[in-house]
Every structure is written in C-alpha cells, then in structure tokens.
Amino acid sequence: MSAIHTTVDAKGLSCPMPIVKTAQAVKNVPAGELIEVLATDPGSVKDFAAWTRSTGNAIVEQTEDEGVYRFVIKRA
Amino acid sequence: MDDKPLAIVLFSGTDDKLNAAAVMASGAAALGRPVHIFLQYWGLDAFRADRIEDDHGLAAEAGAEGKAAVDALRAEGQAPWYETLAMAKELGGVEIQACSLSMDVLKITEDDLHDLVDGTEGVTAFYLAAGDAQILFI
C-alpha cells in the first residue's frame, strides 16, 4: 500500500460536506494516489459507496472506530 | 459517471429550504452533474447581498421543536446554506440565475444581489438551459 497523498478531515461535518470536501480535494490529487477521509456522518458510508461508484474512484480501505469512519480512496 | 444535469427552481426563502436546496446542489456537483438554479420570489429575496446572512426563519411546520433542532446544528458549526452553495460553485458546473419576473415583482436589480448569482433570465431561457435535466421545485 502506497502512502496517503491527501487527508480530508470531515469529522463533525454533516451531509453533504464530507463528499463535497472530498470532491474538492481529489482535484489536486494525481490519478492512482490515495486520499484518506475521516468522517463522523453515518450517512457517509452509503454516500461514499455511491460517490465512488459514480465517479470511478475506488474505496480500497474502510474502517470504523468509535464513530469515526475512515475511507481510503484511490483516485481514478 | 452519472452526469444527468439537475435544475432547481428555488422558490422558498426560509433557511431550512435554502439549506435543502444547497445540499441537493452540492451533492450533485460532487458527482460531477451540472446544476442550474433558478431563483424565484422568496428564494431570490434571500440572495440580496445585504440580507443573505440574515436569519431567514424556518418553514411553518418546523415549530418550536424543529427550530431548536436547527439551532443546535448551527451551534455545532454546520455551514450556512450560502457557504455550502459557494463550495458547490467552487466544484464547478453550478450556475445560479435570477428569475426576471421575480426581480420585477420584488423591485430587485442585479446590483442588489450577492455574487453567488450569475445573472438574470426568463422562464424560457431557464427551460432551454435545463434541457432534459431533472427539475426540482423547492
């Protein structure tokens, strides 16, 4: 697993901010690099699944620890 | 890529409905969908440059309990609707147009409007711009 290129800290932000901030961040991430997203919005689980399916980016890692969801996304 | 355009007719001017529109717009923008927002009546009135940050109240059905819930979210630092819209515009593909009839009714000129608004158009231009977009009325 290569290193994280960019981290988006969206903890405490409500829908749709975790997705909006991630969509903004990926613009500055080269293809193939990894973006880490931290979010506390429970809706983000389904939202990131839908967003990656629609945009072609891929979730390569997904964990949850004490209410914090962590997604590692590979930029398409 | 799901890129079906979204067109929102934003008629309502209370903060909850303005926020709902901002959420729908920014979510679509994050998916790369073009978004066209048409501001009518009280939705347009909320975009006056000198009032955009005012408290625009809530829909009647919110009641005291609803207001408390919304106030609590604000206190936790939820971004106001106009900041969410500004972020959506930064993502690109989001255009906001004022309805010319509503401008006449409310005696508003383009100089009175916040920079988030890109221009003025009539309903015909709106339908032409919307094309086969999904249209929401809020």
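User: What should I know before reading the model?

Analyst: Residues are numbered from 1 along each chain as its sequence is written, while chains are lettered from A and ligands numbered from 1 in the order in which they are written. In this predicted model local features need pLDDT of at least 70, side-chain atom pairs count only at pLDDT 80 or more, and totals for chains, interfaces and linings use all residues.

User: In what order do the strands of the chain B sheet lie?

Analyst: Strands (E, at least two residues) and helices (H or I, at least four) are DSSP runs numbered from the N terminus, and two strands pair if DSSP finds at least two bridges between them. Here 5 strands form an open sheet with parallel pairing, in the order β4-β3-β2-β1-β5 of chain B. Because β4 (119-121) and β5 (134-137) of chain B each have a single partner strand, one side of each is left without a neighbour in the sheet.

User: How many bridges join β1 and β2 of chain B?

Analyst: Between β1 (residues 6-10) and β2 (residues 35-39) of chain B there are 5, and Val9(B) has Phe38(B) as its bridge partner in β2(B).

User: Which residues count towards the interface between the chains?

Analyst: Residues are in contact if their C-beta atoms, placed from the backbone, lie within 7 Å. By that rule 17 residues of chain B are in contact with 13 residues of chain A, and the elements of chain B giving two or more residues to its side are α1 (15-30) and α4 (81-91).

Conventions:
Two residues are in contact if their C-beta atoms, placed from the backbone, lie within 7 Å.
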